[in-house]
Amino acid sequence: FVRVEKQNKNANALAHFLQNHECINKVFYPGLDNSIFHNLARDQMKDFTGMLSFEINKNISREVFESNLKIIQPAISLAGVESTINVPFLTSHKWLPKEEKRKQGITENLIRFSVGIENVSDLKEDLNIALKIASNES
């Protein structure tokens, strides 16, 4: 219970942080007021979730972003006490035809983020530094 509570709190803070970040196109998280699932999630859930997705700007290298994360680690499987990310375009949706990926909003820059229980300030800093490095390399 403590793990899930901390993950939910961290994910909410990080979704709001990423939503206002200049390097991010869109954040998908039911805890955000602008989510199409916000009202439903609010009615059905005690907290929102420890999982979110975000899309970095097209002009930013996802590979450079990923390689500059120090705390958050790429993983095939999500969910645990540590923060991990994966890219559905290359993993869970890899075998879908490009047209179907496009219809579903699965882009090469879409990142699924399973938020862990680390210090949220450290996670924000990790994301921010990696995004800034990636945006400067593009």
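**Reading a predicted model: burial, contacts and core**

Me: Where is the place of H21?
Reply: In this predicted model, H21 sits in the loop that runs between α1 and β1.

Me: Why does H21 count as buried?
Reply: The relative accessibility of H21 is 10%. Buried means under 20%, so H21, at 10%, counts as buried.

Me: What does H21 touch, not counting residues up to four places away in sequence?
Reply: H21 touches N128 and L131.

Me: Why is Y29 called buried?
Reply: Y29 has a relative accessible area of 2%. That value lies under the 20% limit, and Y29 is therefore buried. Its place is the loop between β1 and α2, the helix of residues 38-44. From Y29 to T49, 20 residues apart along the chain, the C-alpha separation is 8.1 Å.

Me: What makes E66 count as buried?
Reply: The computed relative accessibility of E66 is 16%. Because this is under 20%, E66 counts as buried. E66 belongs to helix α3, which covers residues 62-67. With neighbours within four places in sequence left aside, the contacts of E66 are P74, I85 and V87.

Me: Why is E108 called partly exposed?
Reply: The relative accessible area of E108 is 45%. Partly exposed covers values between the 20% limit for buried and the 50% limit for exposed, so E108, at 45%, is partly exposed. E108 lies in the loop between α4 (98-104) and β5. Sequence neighbours within four places aside, E108 is in contact with R62, V87 and F89. The C-alpha atoms of E108 and A75 are 16 Å apart, and the two residues are 33 positions apart along the chain.

Me: Which residues touch the most other members of the largest nonpolar core?
Reply: They are V27, L52, F54, F65, F113 and L127, in a core of 31 residues. At least two residues of this core come from each of α1 (2-19), β1 (24-28), β2 (51-56), α3, β5 (110-114) and α5 (120-137). The largest share, 5 residues, is that of α5. In soluble globular proteins, nonpolar side chains tend to be buried together.

Me: With what is L127 in contact, leaving aside its neighbours within four places in sequence?
Reply: L127 is in contact with L14, F17, L18, F54, F65, L69, I72 and F113. Among these partners, F54, F65 and F113 have been named above for touching the most other core members.

Me: How do you know that the radius of gyration of the protein agrees with that of a compact globule?
Reply: A compact globule of 138 residues would have a radius of gyration near 14 Å. The protein has 14 Å, so the value agrees. Along the principal axes, the C-alpha atoms fill a box of roughly 40 × 35 × 25 Å.

Me: What pattern does the protein follow, read along the sequence?
Reply: The order is α-β-α-β-α-β-β-α-β-α, with 5 helices and 5 strands in the secondary structure. Of the contacts with a separation of 6 or more, 69% join residues 24 or more positions apart.

Me: How many of the 138 residues count as buried, and how far apart are the mean positions of the charges?
Reply: Buried residues make up 43% of the 138. The mean positions of the 17 positive and 17 negative charges are 4 Å apart. The accessible surface is about 8000 Å², and 52% of that area belongs to carbon and sulfur atoms.

Notes. Residues are numbered from 1 along each chain as its sequence is written. This is a predicted model: local features need pLDDT of at least 70, side-chain atom pairs count only at pLDDT 80 or more; totals for chains, interfaces and linings use all residues. Side-chain values use heavy atoms; hydrogens and water are left out. Helices (H or I, at least four residues) and strands (E, at least two) are DSSP runs, numbered from the N terminus. The radius of gyration is taken over C-alpha atoms; the globule rule is 2.2 Å times the number of residues to the power 0.38. Buried means under 20% relative accessible area, exposed over 50%, partly exposed in between (1.4 Å probe, protein chains only). Contact means heavy atoms within 4.5 Å. Accessible areas come from the Shrake-Rupley method with a 1.4 Å probe; for residues, only the protein chains shown count as cover. Lys and Arg count as positive and Asp and Glu as negative; His and the chain ends are not counted. The place of a charge is taken as NZ of Lys, CZ of Arg, CG of Asp or CD of Glu. A nonpolar core is a set of buried Ala, Val, Leu, Ile, Met, Phe, Trp, Tyr and Cys residues joined through side-chain atoms within 4.5 Å.
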